[in-house]
Amino acid sequence: MTDQKPATDPYGTPSTTGPEPIRGHQNLLNAFIRGLLRVPVLSGQVGKRLCVLHVVGRKSGRQYDVPLAYTRHEGEILIGTAKHPWVSNIRKDVPLKVSFGGPKRIADAEVLADEDTVVRLSEAIARHNKQWAKFNGIGFDADGNPNRADAYQSWQQGCVIIRLRVR
């Protein structure tokens with residue numbers, strides 16, 4: 001048996017946790033969240049943290065309605081997610097629709113996948129959404145700052161950031 005070292009970022013900061021596995025009941029949970037975002041009384045509250053991206057498939061033309069947690073950061077909407085197949089349908093030059101518990105709105109979207117950007121913006125998302133941080137295996141230091149090595153590990157495991165600019 002060998003001793004495994006904890007993951008570190010390029011600066012040598014040790015990782016504290018790892019991401020949670022995708023749950024087997026994720027599709028059922030997504031359907032439930034989409035339903036909550038359609039209920040007039042609840043949608044305003046749920047829409048403060050969750051949105052639905054309405055992404056159209058490049059080849060199939062099929063619409064994917066994907067509920068996701070989001071964070072407002074420097075005038076933009078940030079969504080951290082794994083590089084799921086539907087993410088490849090988001091193209092910088094093609095607007096998409098997004099809803100925050102109300103009518104669909106047009107947004108320009110961009111998928112950011114480079115290391116520096118994903119790590120930096122993952123830290124920003126983690127500061128505002130502790131549940132997202134936990135789900136993505138990002139721990140915090142004693143001062144409440146996200147662990148950079150955990151954000152780096154999340155990027156290594158396929159995390160991307162979707163940046164939205166709502167029109």
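The model is predicted: local features need pLDDT of at least 70, side-chain atom pairs count only at pLDDT 80 or more, and totals for chains, interfaces and linings use all residues. Residues are numbered from 1 along each chain as its sequence is written, and side-chain values use heavy atoms, with hydrogens and water left out.

**Overall make-up**

- The protein chain holds five helices and seven strands; helices are DSSP runs of H or I with at least four residues, strands are runs of E with at least two, and both are numbered from the N terminus.
- Read from the N terminus, the order of elements is α-α-β-β-β-β-β-β-α-α-α-β.
- Of the 167 residues, 41% count as buried, meaning under 20% relative accessible area with a 1.4 Å probe and protein chains only.
- Among contacts (heavy atoms within 4.5 Å) with a separation of 6 or more, 62% come from residues 24 or more positions apart.
- The chain exposes about 9700 Å², and carbon and sulfur atoms supply 53% of that area, computed by the Shrake-Rupley method with a 1.4 Å probe.

**Helix α5 and its ends**

- Helix α5 spans residues 148-156, and its buried residues are Ala149, Asp150, Ala151, Tyr152, Gln153 and Ser154.
- The cover over these buried residues includes α3 (115-128) and β7 (159-166).
- Where α5 starts, a side-chain oxygen of Asn147 lies within 2.9 Å of the backbone nitrogen of Ala149.
- Just past the other end of α5, Gly158 adopts a positive phi of about 105 degrees.

**How α3 and α5 meet**

- The axes of α3 and α5 come within 9 Å of each other and cross at roughly 125 degrees; axes are lines fitted to C-alpha atoms over the stretch in contact, with angles from 0 to 180 degrees between N-to-C directions.
- The two helices, α3 and α5, are therefore oblique to each other, since angles under 35 degrees count as roughly parallel, over 145 as roughly antiparallel, 65 to 115 as roughly perpendicular and the rest as oblique.
- On the α3 side, Glu115, Val118, Val119, Ser122 and Glu123 make the contact, while α5 contributes Arg148, Ala151, Tyr152 and Trp155.

**A proline in β2**

- Pro67 sits in strand β2, which covers residues 63-69.
- With a relative accessibility of 9%, Pro67 counts as buried.
- Pro67 and Cys51 are 16 residues apart along the chain, and their C-alpha atoms are separated by 5.6 Å.

Conventions:
Buried < 20%, exposed > 50% of the residue type's maximum accessible area, 1.4 Å probe, protein only. Polar contact = N/O pair within 3.5 Å; in protein donor to acceptor, adjacent residues only side chain to side chain.
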